[in-house]
Amino acid sequence: MLVQDIMKTDVITIHPSETIRLALLTVQEHRIRHLPVVDQGGLVGIVTDRDLRDASPSTLERVRDERIMAQPVSSIMTKEVLTAHPRDFVEEAALTLYEYNVGCLPVVRQNRIVGILTRKDILHTLVELMGVTKPSQRVEMTVPDQAGVLAEVTEVFRSHNMNVASVFTYTGEEPDSLHLVFRLETMDARDVVNELDAKGFRVVWPTKDPKDWD
């Protein structure tokens, strides 16, 4: 999946010469947290809701703060902006957001902003990819970290005519083991779980406790 598949393309921007007051009104009106600063179509900076809150008027110093609000956005914007390209992989963009602890990445092609990607977009995509937005049953197991195991497990699903809504893996606590986490398009996977157990796979969820099936 590429950034262009999940980015927002209706990007609200502001010119660097516009006032801090206008920027504050813009983020409030559109309920956004990040405002790219664009000059002649090119990205030159970004302003966040936090930047604008820090510059907002104080009731104790109204005259001084009114002058601040009349200053240009360029006076408070961040000029060195982390960006993404439309054809970057989503996981690479997510890593950038995580490692640099930023809330968004303007998406740029040839220095022209064509979209914006936020942490919320990444989280929404993760939820979609995990298959939790539609009725499904979670089945999690620990398997040996070796070739062919995934095929053996999915053959059990096929034999029960069950589609896989999603699958992901993570390293197990035991050496040379993996956790496989599936979302099956069913609300009752007991027969599948019983067969997996009979074939020697260690199913960790759902357990055999009847309460897990309520």
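The largest pocket of this predicted model has a volume of about 820 Å³. A pocket here is an open set of points, on a 1 Å grid over the protein atoms alone, where a 1.4 Å probe fits, with protein on both sides within 12 Å along at least five of seven lines; lining residues have an atom within 4 Å of a point. Points are joined across faces, edges and corners, and the volume is the space filled by probe spheres set on them.

The largest pocket is lined by 30 residues, and Arg33, His34, Gly103, Cys104 and Thr118 are the closest to its centre. Strands S1 (34-39), S2 (42-48), S3 (104-109) and S4 (112-118), with helices H3 (49-55) and H6 (119-129), are the elements that give two or more residues to this lining. Helices (H or I, at least four residues) and strands (E, at least two) are DSSP runs, numbered from the N terminus.

The second largest pocket holds about 270 Å³ of space. Among its lining residues are Met1, Val90, Ile122, Leu126 and Phe168. Helix H5 (90-100), H6 and strand S6 (164-171) each supply at least two lining residues, and H6 gives the most, with four. Domain 1 (3-126) and domain 2 (132-205) each contribute at least three residues to this lining; the domain bounds come from an automatic or database domain assignment.

Residues are numbered from 1 along each chain as its sequence is written. Local features need pLDDT of at least 70 and side-chain atom pairs count only at pLDDT 80 or more, while totals for chains, interfaces and linings use all residues; side-chain values use heavy atoms, without hydrogens and water.
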